[in-house]
Amino acid sequence: MKLEFDIASGDFSKAGRASSRIKKMLKQLQVDPKVIKRIVVAIYEAEVNVVAHSVGGKMLAEIDGTGITVVVQDNGPGIEDIEKAMQEGYSTATKAVRNMGFGAGMGLPNINRNTDEFTIESEVGEGTVLTFRNNF
Amino acid sequence: MKVVEKYHAITVDTDKCTGCTHCMKACPTEAIRIRGGVANINSDRCVDCGNCLRACPVDAFYVEHDSLEQLNKYKYRVVLFPAVMIGQFPEIYTEGKIYEALLKLGFTHIFEVEQPIGMLINEIKREVEKSTRKPMISSFCPAIVRLIQSRYPSLVDNIVPVKAPHDLAACHAIELLAKQGVKREEIGTFYVSPCSAKMAAVKRPLGEEVSAVDGLIKMSDLYNHIMRVIDKEEKTDTAPLRKNLTLDGILWSLPRGEARHFKRNSMAVDGIHNVVKILERMENDEVPVLDFLELKSCHQGCAGGILLTGNRFLTVERLQKRSKRYPHASSIDISAVSCLGIKDKMKANPIEPRYVFALDTDRLKALEKMQKVDRILCQLPGIDCGSCGAPNCHALAEDMVQGKAKMTDCIFLQNRYLNENKINIEKATKNLEKAWGKNRFDADCNRRGGRNEGF
């Protein structure tokens, strides 16, 4: 089962759509609630990242019988130092974004913590691709 | 684990129901379908919140209850009622007059259920402190507990495993009378309920087989009975009957009534649709770290209960004024309202998740069904008209993959099939009659729904 979501830059009211939809589906598949929670947190963080930091992007999710694979790709600006970005508390979020309660520097570490497999690729000027998978 | 049959308070009076679909659209768990022209409740999904009762323009929903005639069966007749009952009466009826009226109606003992609230507060605080999961969610509102069990199974462990006042009231009353040497079979306990959810919860307490309540009375019924016998003058002093009542008890069922004991580390949400939004966020870890979350299914808490007669805001106002005349729970000697084994009684049995929204217990089959739902949705018009007897197109598609509905149940698809000569008009009419009943579409003011004036 494949799903695709467009994620617009800067529109925080829409962040959470993909995670809500996927959450509903996983419940219908009777996936263990603890597993669902991890997936949903990871997807929501990824959505917020695209909204807060990028110029826009999309999320592709594929659910199979044993788990879910999510690919989140944006169209820039890319991450300069991935190692730093993966540290808890490190953030490049603007003051405006922080004032909205986002950008605490927990996004990527949270995704890493809540997924079974996680890879991140990024090129400055090109964009960032996150790929993660959780098994049921 | 012993499986206890699910009990429901709400049933449909099929003679009254016109199949107007208002309830179907108001139901927060999509538990209602229209079949044969009348509403049909899926008991696995129903949480007894009572939104259907509120939405119904013809009073077709029926809440199972007892009449006051049942009182004659017992020597000692105890009325157990939540404090909101007093709040719905106009100010000229003092609580003394209301108590007197209850005695006149034949009750021998009067017991406001929030009397042992001090003990409950301590127990809840202990549980919240002990738990590593935050925030802990109140178990006060039975509709909310059931909602979490079915729609938010990941949050069941966040529910405070302590019972609500209504669970304890009967136990208290029985033990207090037992101390005076009264036998159990001589006592009739009657709970006066503000809503359908508590009716169901009292009749079949979570995880318990036998309820300590002998009779269930609708608060709206009792209101009418009281108004019939209430006096203009207060003749006897009934104040001693309220000596264990507290400010905290009176406020308990109102918004922030529980949350206020956790000061700013708490939040209170009322209205089941608002609660759904908060629980969705909580599942995503989007709720700030709080100790305690108070969730109530009705707006303005129990003051907005479906079985109350008074206006909910006036009820809250009167109760707030009333509460100021009573002491804080902390200043009351708890042993006065304590009863044997109360510690055990306060503990709720484990609250298990109930996966009623799963498409199939076999995950691969569920996945297959989900893909099918997606394909069906491409065929449906997506305007959620409800003409098929399901609340929206998505619900219809789910019904289809579960074998509970057909493509031709959609009137728009039917029209297309007619145009494509895939079905004939007789078949199409038969399909409509399946959802809406025979002769439903005749030009006749006296047929079912013929005089529906809407809202």
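Tutor: A salt bridge is a side-chain nitrogen of Lys or Arg within 4 Å of a carboxyl oxygen of Asp or Glu. The structure holds 34 of them over all chains. This is a predicted model, where local features need pLDDT of at least 70, side-chain atom pairs count only at pLDDT 80 or more, and totals for chains, interfaces and linings use all residues. Residues are numbered from 1 along each chain as its sequence is written, chains are lettered from A and ligands numbered from 1 in the order in which they are written, and side-chain values use heavy atoms, with hydrogens and water left out.

Student: Why is the meeting of E283(B) and K23(A) called a salt bridge?

Tutor: Their N to O distance is 2.9 Å. The limit is 4 Å, so the pair qualifies.

Student: What makes E283(B) and K23(A) a pair that joins two chains?

Tutor: E283(B) lies in helix 11 (residues 272-283) of chain B, and K23(A) in helix 1 (residues 17-28) of chain A, so the pair joins two chains. Helices here are DSSP runs of H or I with at least four residues, strands are runs of E with at least two, and both are numbered from the N terminus.

Student: Which residue of chain B forms a salt bridge with K23(A), the closest N and O atoms being 2.7 Å apart?

Tutor: E280(B) does. That value too falls within 4 Å, so the term applies. Between chain B and chain A the count is four salt bridges.

Student: How many residues of chain B are in contact with chain A?

Tutor: 25 residues of chain B are in contact with 20 residues of chain A. Contact means heavy atoms within 4.5 Å.

Student: What do chain B and chain A bury between them?

Tutor: About 2200 Å², with 54% of it on carbon and sulfur atoms. Buried area is the accessible area (1.4 Å probe) that two parts lose on being put together, summed over both. N284(B), R363(B) and M370(B) supply 29% of the area that chain B buries against chain A, more than any other three residues.

Student: Why are helix 1 and helix 2 of chain A called roughly antiparallel?

Tutor: Helix 1 of chain A and helix 2 (residues 33-53) of chain A pack at about 160 degrees, their axes 8 Å apart. Angles under 35 degrees count as roughly parallel, over 145 as roughly antiparallel, 65 to 115 as roughly perpendicular and the rest as oblique. The two helices are therefore roughly antiparallel. Among the residues in contact are I22(A) and L26(A) of helix 1 of chain A and I39(A) and I43(A) of helix 2 of chain A.

Student: Where does I383(B) lie?

Tutor: In the loop between helix 14 and helix 15 of chain B. Neighbours within four places in sequence aside, I383(B) is in contact with C393(B) and F412(B).

Student: Which peptide bond is cis, with omega near -10 degrees?

Tutor: The one from K134(B) to P135(B). P135(B) lies in the loop between helix 5 (117-130) and strand 7 (136-137) of chain B.

Methods
Axes fitted to C-alpha atoms, helices over the stretch in contact; angles between N-to-C directions.
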